[in-house]
Amino acid sequence: IVFENKLLSHIKNIDKKENGKIEITELYLPVDIVMQNPELPNGCEITSLTAVLNFHGYDISKTHMADNYLDKVPFSRVNGKLYGGNPYEAFAGDPTHSSGFFVYGPPIAKAANNYFQDIQGNNIAIDISGSTSEEIIEYLNQGLPVVIWVTLDLSHPRLNYSWYIKESNDKFIAPVNLHAVVLKGYSDGYVHIMDPLKGDVIHDIDRFFLSYEQLGKHSVLVR
């Protein structure tokens with residue numbers, strides 16, 4: 001296996017098996033910490049994306065991305081019913097307000113790609129939702145940190161809030177403990193995370209990916 005020099009410098013341990021195959025056992029990508037507070041109390045997704053953009057060399061702030069590139073749909077009440085956006089299409093509410101909720105992968109990838117288009121960037125953001133944990137790890141092996149949706153404490157999703165989608169009038173059941181982080185490495189049964197609420201943290205790899213799966217396997221990368 002031949003690794004690019006940039007990636008090789010971040011691989012901490014490589015095992016060579018008896019059959020000659022190479023296995024990476026420890027890897028760490030230098031994604032700098034970007035905290036969402038105080039400006040974006042509910043902007044974990046766009047903050048995590050910003051950290052990944054910074055990793056790829058783009059000098060852009062979380063607030064600029066949130067203000068100029070993230071599609072948002074405000075909440076409103078009509079005849080006593082709460083209406084809001086479809087998180088697969090736009091952020092539900094406003095990430096700068098405590099009453100804001102969240103967004104899934106497609107609008108986050110769209111925000112990045114609109115930014116790339118404006119500045120004629122060479123990268124592309126891809127919604128890779130549905131990827132398995134093995135596929136996610138392989139992206140890390142390629143030197144690509146991943147924005148990944150889990151719950152705040154890696155517990156089971158708490159589905160105790162809802163609103164109606166404005167366009168379809170369908171009821172949307174929302175996990176209230178949703179969170180987005182950057183997966184940037186792994187070692188010895190653990191994953192290394194840039195958490196926009198806590199900074200650099202480490203989680204048990206099985207528990208982390210179980211939360212990812214229970215929440216619906218939402219993930220985005222920039223390549």
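**Figure 1. Contacts of Leu53 in the predicted model.** Leu53 touches Tyr58, Ile60, Met65, Ala112, Tyr115, Phe116 and Val222, leaving out residues up to four places away in sequence. Contact means heavy atoms within 4.5 Å. The model is predicted, with local features requiring pLDDT of at least 70 and side-chain atom pairs counted only at pLDDT 80 or more, while totals for chains, interfaces and linings use all residues. Residues are numbered from 1 along each chain as its sequence is written, and side-chain values use heavy atoms, with hydrogens and water left out.

**Figure 2. The largest nonpolar core.** This core has 66 residues. Leu53 and Phe208 touch the most other members. Helix 2 (residues 44–55) supplies the largest share of the core, 7 residues. A nonpolar core is a set of buried Ala, Val, Leu, Ile, Met, Phe, Trp, Tyr and Cys residues joined through side-chain atoms within 4.5 Å. Buried means under 20% relative accessible area, exposed over 50%, and partly exposed in between (1.4 Å probe, protein chains only). Helices (H or I, at least four residues) and strands (E, at least two) are DSSP runs numbered from the N terminus.

**Figure 3. Helix 2 against helix 4.** The axes of helix 2 and helix 4 (residues 105–119) come within 10 Å and cross at roughly 45°. Axes are lines fitted to C-alpha atoms, for helices over the stretch in contact, and angles run from 0 to 180 degrees between N-to-C directions. Helix 2 and helix 4 are therefore oblique to each other. Angles under 35 degrees count as roughly parallel, over 145 as roughly antiparallel, 65 to 115 as roughly perpendicular, and the rest as oblique. Helix 2 passes helix 4 in a right-handed crossing. A crossing is left-handed if the near helix is turned anticlockwise from the far one by less than a right angle, and right-handed if clockwise. From helix 2, Glu45, Ile46, Leu49 and Leu53 meet Ile108, Ala111, Ala112, Tyr115 and Phe116 of helix 4. By class, this contact has 8 nonpolar, no polar and 1 charged residues. Here Ala, Val, Leu, Ile, Met, Phe, Trp, Tyr, Cys and Pro count as nonpolar, Asp, Glu, Lys and Arg as charged, and the others, Gly among them, as polar.

Figure 4. Beyond residues up to four places away in sequence, Thr47 touches Val34, Met35, Gln36, Leu40, Lys62 and Pro196. The peptide bond from Asn37 to Pro38 is cis, with omega near 5°. Most peptide bonds are trans.

**Figure 5. Helix 5 against helix 6.** Helix 5 (residues 133–141) and helix 6 (residues 205–214) pack at an angle of about 115°, with their axes 11 Å apart. They are therefore roughly perpendicular to each other. Their crossing is right-handed. Ser133, Ile136 and Ile137 of helix 5 make the contact with Ile205, Phe209 and Tyr212 of helix 6. These residues divide into 5 nonpolar, 1 polar and no charged. In helix 5, the buried residues are Ser133, Ile136, Ile137, Tyr139, Leu140 and Asn141. Just after helix 5, Gly143 takes a positive phi of about 85°.

**Figure 6. Positive phi at Asn79 and Gln120.** Asn79 is not a glycine, yet has a positive phi of about 55°. Asn79 is found in the loop between strand 4 (76–78) and strand 5 (81–84). With a relative accessible area of 79%, Asn79 is exposed. Gln120, also not a glycine, has a positive phi of about 60°. Its place is in the loop between helix 4 and strand 7 (125–127). Gln120 counts as exposed at 70% relative accessibility.

**Figure 7. Surroundings of Leu152.** Leu152 lies in the loop between strand 8 (146–151) and strand 9 (161–165). At 38% relative accessibility, Leu152 counts as partly exposed. Leu152 and Leu178 are 26 residues apart in sequence and 6.0 Å apart in space, C-alpha to C-alpha. Leaving aside neighbours within four places in sequence, Leu152 contacts Asn177, Leu178, His179, Leu197 and Lys198.
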